[in-house]
Amino acid sequence: MQPRNLPMGVVDLAAVKAAGEAKQKAEQARAQQAAQGGAAPGSVRLVLDVGEADFQQEVLQRSTEVPVVIDFWAEWCEPCKQLSPILERLTREYAGRIVLAKIDVEANQALFQQFGVQGIPAVFAVVAGQPVPLFQGAAPEAQVRQVFDQLIQAAEQQFGIVGLTVDPDAIAEGAEETEQPPGPYDAALSAAHQALDAGDLAGAEQAYRNVLTDDPNNAEAKLGLAQTQLLGRVQGLDAQQVRKAAADGPTDVPAQLAAADLDLVGGHVDDAFGRLVDLVKRTFGDDREAARVRLLELFEVIGADDLRVVAARSALARVLF
């Protein structure tokens with residue numbers, strides 16, 4: 001199956017000017033760690049609550065020996081509550097190849113602004129002191145895992161950073177103390193994710209729908225269904241032909257809908273939203289309704305709390321009313 005990158009940023013560290021210096025620092029850090037006999041089992045905290053006071057030490061300095069993933073979150077953010085447990089679970093599973101820094105945006109506005117965060121949840125990484133945008137909005141576990149794998153590979157290839165020496169058994173024992181009991185739909189959601197990984201879009205869609213039948217407000221299932229449907233729509237599309245048809249026909253609804261899907265999959269969220277808002281403005285009747293519904297579907301992919309969704313909703317309201 002093709003990677004489900006959607007609105008996620010591409011992990012590209014090759015252009016970072018400090019690569020050579022960072023790699024040297026990483027090698028020195030690993031040599032020092034090896035001389036000290038590696039990290040003692042259970043002595044390394046992999047999930048950290050970080051603020052402005054300790055950001056330099058816990059994130060920037062630590063990033064010279066291990067990629068540090070940053071989870072920007074807030075207590076009021078419902079998608080954050082879906083994403084954060086996935087990030088924490090995978091961080092422990094990766095056993096020292098990454099570290100997770102959790103930053104409460106309400107208490108750390110300076111860091112929030114410094115990273116240019118547009119909405120939460122937002123996930124960044126810092127590698128060798130260099131910030132790397134990863135993705136914004138909630139995402140299923142399989143998609144997060146894919147991004148983590150890309151990050152780890154890029155950190156090692158570009159900077160020689162291979163992570164910490166940690167005893168996986170000690171991490172698992174420590175995680176059991178805070179692990180939450182399984183939710184009523186965890187098995188169904190896991191089956192949906194597995195189907196998605198296997199390329200079975202129909203199976204994944206049905207599994208997500210099964211969850212939503214019992215729990216219509218399940219955020220993870222709504223997100224998974226919206227992303228699965230988007231992937232199904234763009235499969236087999238010829239991007240060049242679609243974009244030419246959209247350029248030639250500003251009111252060609254099928255062409256504009258397909259182009260908006262491609263925009264979103266390519267990470268051009270504002271372009272996708274703007275295209276559909278314009279289409280709603282230019283059309284009437286069933287055509288307008290089709291454009292409006294597709295825009296609402298794409299909102300589900302990104303998440304209601306995302307500032308780009310908020311802005312696009314306002315633009316849609318101005319057009320409709």
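**Contacts and their labels**

Author: Let's start with Arg233: at 23% relative accessibility it counts as partly exposed, since buried means under 20% relative accessible area, exposed over 50%, and partly exposed in between (1.4 Å probe, protein chains only). One caveat: this is a predicted model, where local features need pLDDT of at least 70, side-chain atom pairs count only at pLDDT 80 or more, and totals for chains, interfaces and linings use all residues. Residues are numbered from 1 along each chain as its sequence is written, and side-chain values use heavy atoms, with hydrogens and water left out.

Reader: What makes Arg233 and Asp261 a salt bridge?

Author: The rule asks for a side-chain nitrogen of Lys or Arg within 4 Å of a carboxyl oxygen of Asp or Glu. The closest N and O atoms of Arg233 and Asp261 are 2.7 Å apart, so the pair meets that rule. Arg233 sits in helix 9 (residues 219–234) and Asp261 in helix 11 (residues 253–265), so the bridge ties together parts 28 residues apart in sequence. Helices here are DSSP runs (H or I, at least four residues), numbered from the N terminus.

Reader: Why is Asp261 called buried?

Author: Its relative accessibility is 2%, so Asp261 counts as buried.

Reader: How do you know that Arg89 bridges to Glu141?

Author: Their closest N and O atoms are 2.6 Å apart, which makes a salt bridge. This one links distant parts of the chain, with Arg89 in helix 3 and Glu141 in helix 5 (residues 141–159), 52 residues apart. Arg89 is partly exposed at 42%, whereas Glu141 is buried at 19%. Salt bridges that share partners join Arg89, Glu93, Glu141 and Arg145 into one network.

Reader: What makes Glu78 and Lys81 a pair about one turn of the helix apart?

Author: Both lie in helix 3 (residues 78–93), three residues apart.

Reader: Why is the pair of Phe115 and Phe124 called edge-to-face?

Author: Rings of Phe, Tyr and Trp (its six-membered ring) pair if their centres lie within 6.5 Å; planes under 30 degrees apart are stacked, over 60 edge-to-face, the rest tilted. The centres of Phe115 and Phe124 are 5.3 Å apart and their planes at 75°, so the pair is edge-to-face. Phe115 is buried at 14%, and Phe124 is buried at 12%. Ring pairs link Phe55, Phe72, Phe115 and Phe124 into a cluster.

Definitions and conventions:
Helix = DSSP H or I, 4+ residues; strand = E, 2+ residues; numbered from the N terminus.
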